[in-house]
Amino acid sequence: MIGSNVYCSVEDEKGFMWFATDKAICRYDGHNMKAFGQEEGYTESGAYHIYKDRKNTLWFISFNFKLFRFDGIRFHEFTGIAARPCWVTEDSSGYFWIGTRNCTFYKVEQTKIIDSVTIIKSEINYNILYNFIVTEQNEIIVSSYKKRCIITKFNDIQQLGIPYKSDYSLTVRLFQMRNGNILISSHQGLYNYSPSKKILKFIYSLNKNEIFCFYEDDENNLIWVGTSNGAFCFKINGSKIISCKEYFRDKIVLSIKKNKAGIYFYSTLGFGTYYCSYNSQHFSKSDGLKSDDLHIVKNASDDIYFFYRKGVIDLINKKRLKKMHQKIPQKELLLIHSVIKTNDNILYIHTNNYKKLFQIKERNFYMLQHSDSATYAYFENKSSLYQYNWNGIIYRQYPPKFIFNKPYFSAWYFNIGEQLKLGHFRPYINLGDTVIYYLIRNGYLKIIERNSGIYFKADTTCPYNTSGIDLTQNGNVILSTKNGGIIIIKGKQHNFINESSGLISNYCNKIYYKDHKIWVCTNNGLSKVVLNNEDSVINIENFNSNNLLISNEVRDVLEYKGDIYVATDQGVSIFNEAKAKESSVAPGIYIKSLAINNHDTFVNNYFSLPFNQNNISLTFSSISFNSSNRYKYKLEGIDDEFHITTENNIQFASLAPGIYKFIVFAQNNYGKWSTIPATINFVISPPFWRTLWFIIVEIIVSILLIYGGISYRFALVKRKNELRQRITDSELKALRLHMNPHFIFNTLNSLQSFVFMNKPLEANNYISKFSKLMRWVMSYSDKQEITLQEEFDFLNTYIQLEQLRFEESFVLTVEIDPNLDPQDIHIPPFLIQPFIENAIKYGISERKEKGVLTISYIKANDSILVTIQDNGPGRDEVKRIQDESPRKTESTGIKYTEERIRLLLDDNKIKHPVIITDLYEGNMPVGTKVELIIPILK
């Protein structure tokens, strides 16, 4: 993230997290951070406030008090007010409010100011606004510098009775909860104000900590407060606080937000942003652990023991920390090497003092001593006790005997070989009475007990240094390694599971097997490998500090009664696997970048490319904060099935001509795939000399050049004349429809109304524009082409006449691609006007409220893509109105114009030059969009 001072955070509708810092505006998808600036239209260096309105539009306020709106691609500065905006919000009716530094408030509908009010005009220079709320009672509650907290209903001003000290510098903050009540901060703590009942009540003291932000988690009935000394989480019952917990002590928390995945984001001053999931429970030193650096976790009945290296033990029972801090009862410093659990729930602790072993039984400690000075570890099965030392010597006692809590050993032993010396042993695996497995540096040692003696076999074929061993229910050996992931050994077959398979890391500390699941502890998190009955991998899920763990350095793991206990170098994490998976959300997916022939290209949904632009490179990313960076993709046109990968960059080199569709999904840690994929469509045209028609034509032309050249030329001339005649006929038909009598009749009626209403200036303006329009019609009718600027002038005059005729019942928005040069580009005349006429006549004119007409021009290869969009009732509703009308009309201008465009473009290139789309929000029609392709004449 650019900038360690983070003032605000917001989640947008796609799932991106936005952060306002002192350096830049940043957007985060869970993996990648993008900073926005001049290139995207944001002219400031940072921001301190972000607001997402009900239409999912993001608003940003810079440190220079400039207000920007983000439309999904670019930033646009709001310049409709002279004062300096410092806070924005919405009221219950959906109106947008802008508050300025001098306590002037502007009520905005869309982008138009419809009302304003200034509070305490006599004290503008001192009454500096911090934030404000517009209540359902149409009251503005203001937090300001001098007046602290006041209520205004336009000119009716009332000050809330919140005590404050005149020399106290803390700022009053306001927050409106979903029940309509408002939380207000002061130097004493928190107040709760009910606008409907006009009741103000003090509810909690925060010891003069300055409050910077609030967040309401209504799903869990929590209120979060960010202060100058950390974050406080309150459990609310009505208006009463029943519990409080503190986080991030000694840090200034400026913003708290929770996204759709249930992950909290804490933005701080000077320390960036922290985020974590509360689907898991964490314990660290600040919660009562002796230390954060844990080593081993074991259970004895319902007691979960956590072991530290330096001989200290902590206990958790029923997910509650028991402050045991038990030390092994020895004066000298003892380091714990391993802990063994027996079938009768007894824990044996092996330390660096080889003469002493310790036992935990029913939370009591016992020390077991023996005379041998070289013993390294101690364990038991149902019938025997075993020990082994650094020199590879295994001691065995049969049957096991205890004399005064000391094991008694027989005098015999056996040596397992010189190649296994030097402390290569690791913890053991016990299989009943007859088979025991030991971990060695590059494999494992198998010892078999029979009536005829004891046999052993060493498997040293593992290509990596081993770190852990376990057995599946089928008796297959599982090895974890330091740099190669894990290995499942089935006889002579070695199945490697590593990062390319979906494992979170190849560096594994330990493994733990239970119920067809392998839990893999790594330096980058925890992986769960799910096996089938044949010990083949079904699925891999990953957990790390982005979702459920307190740290990525996982030392040990234990599954007990559906809960997962994880020992890390930063404390303990406990989560319920089923509940965490159930509450997870599917990740989003988007295309980050696209390169065609190694040239970066703006990402679009569709590309039509020539044959020599056939090297495609795509980079994509998931929008998820618990994602495992696992994707599946395919390129329709080449692939029939999806490919699974952990890479987020795919290259397709030298694609053959054809139609392609790239589809990619993302998977999160819980195995959930994206519900909606990211897609891009490609059409790569073949070179003309490789097309079938060209080969046929080449043969025909060769024959005709010899035997029928003259006939071919006559036919070509005839076809050209016919095509020219069709174009001429179409142009004449379209010309007749340019300014139809109905339009002229309406125009004269409007002019007559201005005269009758004694409005000579309006009538003169109307006549001037109408005469200009008619002169252009007469002038352009004889031309085959005009400049794009001339077309703009003609359409602008026509729309101004329509606006006058319909009494300004609609607004016009025009967007022009900066790659278009209106003075240099030539197009056929009168192609766009019929569609604009249709949008006004059948769309906007049918609305009771103010209409919006949007026209955009985008350059697309050798053509211009023109989009005309209105917010009328839609074609179905217009057809119903026309059917009920005694005078039905049919627009033939659209039909002839579409035929004319098709002839100009050539049918073989673009089959649908005009596309009309009905727009809906849910099941409600919200307008009509027309897309037409206009050829650029050369």
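Predicted model: local features only at pLDDT ≥ 70, side-chain atom pairs only at ≥ 80, totals over all residues.
Local features require a pLDDT of at least 70 and side-chain atom pairs a pLDDT of 80 or more, whereas totals for chains, interfaces and linings use all residues. Residues are numbered from 1 along each chain as its sequence is written, and side-chain values use heavy atoms, with hydrogens and water left out.

The protein chain contains nine helices and 73 strands, assigned as DSSP runs numbered from the N terminus (helices: H or I, at least four residues; strands: E, at least two). Of its 938 residues, 49% are buried, where buried denotes under 20% relative accessible area, exposed over 50%, and partly exposed in between (1.4 Å probe, protein chains only). The accessible area of the chain is about 46800 Å², of which carbon and sulfur atoms supply 49%; areas were computed by the Shrake-Rupley method with a 1.4 Å probe, and for residues only the protein chains shown count as cover. Among contacts (heavy atoms within 4.5 Å) between residues at least 6 apart in sequence, 51% join residues at least 24 apart.

Most residues other than glycine have a negative phi. Phe-65 is located in the loop between β6 (58-61) and β7 (67-70), and it counts as buried because its relative accessibility is 17%.

His-516 belongs to the loop between β51 (508-514) and β52 (517-522). With a relative accessible area of 22%, His-516 is partly exposed.
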